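Look at the model first, then read on.

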Amino acid sequence: MHEEERSMYELEYPAPVVKDNSGEGKGPTMIVAMHGYADAGQAVESSADHLKAALENRQLASFNSDELIDYRSRRPAVTIDNDRALEVEPMDLGLKVLRDNSGKSFLLLSGPEPDMRWEAFTTAVVKLVEKFDIEDTIMLYAAPMPVPHTRPTVVTAHGTASRLTDSMVKMDSTMMVPGAAALYIEKALADKGRTVAGYTAHVPHYLAASPYPQATLELLDSVAKTAQLNIPLGSIEADISRVEGQLDEQVNGSEEIEGVVQQLEQQYDAFMERYREEHPQAIMPGEEAVPSAEEISEEFEAFLASLDEDDSEEIIHTDIDDREDSADDDDDRDLGDDI
């Protein structure tokens, strides 16, 4: 490791096992969920927190906060008890190895977005991607948008591989947005020919400053589907019910808010209708993917393979008996016709 990299991050020793024994023959997925910029509704930070709380994980690399964080711009909280400073809020920016509920491993880069040295940070992350043979990298974002909370949350996707974006809504336009460290990493990985995608949850702009668990759920659900990860999401659904109840109380008590929400609903519905016309095969927010004929065939073959041999023989014998009975009935009918 070069001196520049050594000052940027430190690898854990002994290092945790990165690849699992799933036999898939490819490297793990890395999820990048750095909070700060592009984290409306705290959806990105909450996504990382949920993954670390819900799944087995071990530290793989720790970045040097003194090299990357401007403490004056995001002063960490300090706990003071009587006359002593007891605890300082950690500013942990690091890479962890996690295992989903099926034992499949993946990586999570999370923590505060660096304030400084984006180029050096990007170079370090790209080298880690190469070192651990990361197959796919998925960036998580959340943006305040003119959408209502009464409609399914939209997650738009962009990326270098269609298999990571085809089943999602895409923004078919050219945009210029403020830069972010995650976007620097995206470009650098794409320039290296690596597979990378970005998922952006659309958070109602009037809720951007408050926790919005629906966006967290949709981001993680999108990752789980495309990366084929088994991620527990039940606790987030409970948070959604609580927040929805609070929102209903506020909206129902104000005609002005109701009017704004209704206008946003009309805009949302019109956009989705146009998108459906232009992309008839797209899976819209709130819809489930319809399995293909090949997937149905594979499921049926798996079902047949799961049957016990005795059950299979019983089915075969029953089928033979039925055909013999049918043949006897036909013979009886033929004999009756002859008479």
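## The second largest pocket

A pocket is an open set of grid points with protein on both sides within 12 Å along at least five of seven lines, and its lining residues have an atom within 4 Å of a point. This model is predicted.

The second largest pocket holds about 570 Å³ of space. Its lining has 19 residues. Nearest the centre lie Thr156, His158, Met175, Val177 and Thr200. Strand 8 (136-145), strand 9 (155-159) and strand 10 (195-204) each supply at least two lining residues. Strand 8 gives the most, with five. By class, the lining has 12 nonpolar, six polar and one charged residues.

## Two cavities

How many cavities of 30 Å³ or more does a search of the whole structure find? It finds two.

The largest cavity has about 60 Å³ of space. Met34, Tyr37, Ala38, Val44, Glu113, Leu140, Tyr141, Ala180 and Ala182 line it. Eight of these are nonpolar, none is polar and one is charged.

The second largest cavity has a volume of about 50 Å³. Among its lining residues are Val147, Arg151, His202, Tyr212 and Tyr268. This lining divides into seven nonpolar, two polar and one charged residues.

## Helix 8

Tyr268, from the lining of the second largest cavity, is also one of the buried residues of helix 8. An α-helix has 3.6 residues a turn, so residues three or four places apart point the same way.

Helix 8 covers residues 255-278. At 1.5 Å a residue, its 24 residues should span 34 Å. The end C-alpha atoms are 35 Å apart, so the two values agree.

Definitions and conventions: Residues numbered from 1 in each chain as written. Predicted model: local features only at pLDDT ≥ 70, side-chain atom pairs only at ≥ 80, totals over all residues. Heavy atoms only, no water. Helix = DSSP H or I, 4+ residues; strand = E, 2+ residues; numbered from the N terminus. Expected span 1.5 Å × (residues − 1). Buried < 20%, exposed > 50% of the residue type's maximum accessible area, 1.4 Å probe, protein only. 1 Å grid on protein atoms, 1.4 Å probe; cavity = no way out; pocket = protein on both sides within 12 Å on 5 of 7 lines; lining within 4 Å. Points joined across faces, edges and corners; volume = space filled by probe spheres on them. Nonpolar A, V, L, I, M, F, W, Y, C, P; charged D, E, K, R; others polar.
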